[in-house]
Amino acid sequence: MTTSASRPVFAILTALVEERAGLHYGPGEQDVFLERVQTRSEEVGFESLLDYYYFLRYDPGGARELDELIDRLVVNETYFFRELEPLRLIASQLIQPLVSSGRRPRIWSAACATGEEPLTLAMLLAQAGLLSQVDLIASDISQRALEVARRGRFGRRSLRYGIDSELATRWIREEGDRFQIDPQLIEAIDWRRLNLCVPEELADIGACDVVLCRNVLIYFREETVARVVEQLTTHLKPDGVLLVGVAESLLRFGTALACEEMNQVFLYRKLSALSSTQTGSAP
Ligand SMILES: C[S@@+](CC[C@H](N)C(=O)[O-])C[C@H]1O[C@@H](n2cnc3c(N)ncnc32)[C@H](O)[C@@H]1O
């Protein structure tokens with residue numbers, strides 16, 4: 001479908017999407033991107049992509065439709081027990097000591113897709129008797145993904161990389177070709193639709209002990225990553241910790257966070273004024 005004539009339309013549409021949600025598309029993604037936008041624009045009655053673009057950019061209803069379009073563009077790829085060791089570490093090494101010292105930790109899974117990540121963490125916390133002692137928030141830009149999360153019914157793909165049988169036996173029930181997650185876990189999570197690139201939307205998150213932002217920064221350009229990480233940092237308590245995906249690193253950004261290794265898991269800690277004078281901050 002794409003021709004050289006599509007290139008300017010691709011350029012203005014991707015710029016608009018990136019401005020709103022941070023998602024960056026390179027030239028190699030032109031065909032897939034334009035096909036998805038075309039499908040959505042036809043669904044809402046536009047005959048040309050250019051008309052659709054003008055609507056998105058200038059019409060009073062444009063911002064709302066742009067969010068609907070973005071919901072159809074995002075990759076909600078996730079599964080249960082993904083990158084499990086860092087989640088185990090959060091439960092046993094970060095949350096358990098805070099609870100033991102009489103505090104109520106606040107945890108935010110900041111791009112949770114269909115919820116498998118915060119639900120896995122909820123299983124680990126429940127197993128350790130900690131779930132009722134924490135605030136667990138899970139957010140994503142995709143309303144459609146959050147609807148799946150809130151229903152708690154998943155297909156085989158959500159368990160495709162194997163299961164932790166102890167957790168699965170306790171919290172996941174097989175129903176035909178679907179899996180139902182124990183409603184207790186779903187209800188223990190505060191699900192919210194939030195765009196990480198709009199700071200005002202994040203204002204109510206409050207100060208967190210742990211923020212998970214895994215496997216989403218890869219979709220952003222470097223300057224967007226830097227901006228989002230800065231935002232996330234403002235939502236960390238002193239000594240609070242940010243976790244990114246195991247294949248992601250923030251070292252090249254020179255953030256206000258110190259990189260630490262704990263049981264072979266890398267995490268980024270917001271230094272309190274005292275500890276920063278003692279240990280120095282990350283490059
Ligand atoms: C690949 S999934 C990662 C899910 C989970 N964190 C994991 O590691 O399995 C990336 C998620 O980031 C979300 N996302 C993309 N841009 C976003 C933005 N600007 N604000 C909030 N969420 C965003 C997408 O909707 C998608 O659900």
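Is R160 buried, partly exposed or exposed in this predicted model? R160 is partly exposed, with a relative accessible area of 28%. The legends below start with the salt bridge of this residue.

**View 1. The salt bridge between E77 and R160.** The side chains of E77 and R160 meet in a salt bridge, at 2.3 Å from N to O. The pair links distant parts of the chain, the two residues being 83 residues apart. E77 lies in the loop between α4 (62-73) and α5 (84-100), and R160 lies in the loop between β3 (153-154) and α8 (165-171). E77 has a relative accessible area of 36% and is partly exposed. The relative accessible area of R160 is 28%, which lies between the 20% under which a residue is buried and the 50% over which a residue is exposed, so R160 is partly exposed too.

**View 2. The salt bridge between R88 and E85 in helix α5.** R88 forms a salt bridge with E85, and their closest N and O atoms are 3.4 Å apart. Both residues belong to helix α5. They are separated by about one helical turn because they are 3 residues apart in this helix. R88 counts as partly exposed, at 29% relative accessibility.

View 3. E201 and R193 meet through their side chains in a salt bridge, at 3.3 Å from N to O. E201 is partly exposed, with 24% relative accessibility. R193, at 23% relative accessibility, counts as partly exposed as well. In a network of salt bridges that share partners, R40, E43, E65, E68 and R72 are joined. A search of the whole structure finds 27 salt bridges.

**View 4. The surroundings of L131.** L131 is found in the loop between α6 (116-127) and β2 (135-140). The relative accessibility of L131 is 13%, which is under 20%, and therefore L131 counts as buried. Leaving aside neighbours within four places in sequence, L131 is in contact with A122, L125, A126, L136, L185 and A188. G206 is 75 residues from L131 in sequence, and the two lie 19 Å apart in space, C-alpha to C-alpha.

**View 5. The largest pocket.** About 530 Å³ of space lies in the largest pocket. This pocket is lined by 34 residues, and the closest to its centre are V74, V75, N215, V216 and Y219. By class, the lining of the largest pocket divides into 21 nonpolar, 6 polar and 7 charged residues.

**View 6. The second largest pocket.** The second largest pocket holds about 280 Å³ of space. Its lining has 17 residues, and those nearest its centre are N76, E77, T114, E116 and V148. One of these, E77, also takes part in the salt bridge with R160. Two or more residues of the lining of the second largest pocket come from each of α4, α7 (143-151) and β3. With 3 residues, α7 gives the most to this lining. The residues that line the second largest pocket comprise 4 nonpolar, 5 polar and 8 charged ones.

Definitions and conventions:
Residues are numbered from 1 along each chain as its sequence is written. This is a predicted model: local features need pLDDT of at least 70, side-chain atom pairs count only at pLDDT 80 or more; totals for chains, interfaces and linings use all residues. Side-chain values use heavy atoms; hydrogens and water are left out. Helices (H or I, at least four residues) and strands (E, at least two) are DSSP runs, numbered from the N terminus. Buried means under 20% relative accessible area, exposed over 50%, partly exposed in between (1.4 Å probe, protein chains only). Contact means heavy atoms within 4.5 Å. A salt bridge is a side-chain nitrogen of Lys or Arg within 4 Å of a carboxyl oxygen of Asp or Glu. On a 1 Å grid over the protein atoms alone, a cavity is a set of points where a 1.4 Å probe fits but cannot get out, and a pocket is an open set with protein on both sides within 12 Å along at least five of seven lines; lining residues have an atom within 4 Å of a point. Grid points are joined across faces, edges and corners, and a volume is the space filled by probe spheres set on the points. Ala, Val, Leu, Ile, Met, Phe, Trp, Tyr, Cys and Pro count as nonpolar, Asp, Glu, Lys and Arg as charged, and the others, Gly among them, as polar.
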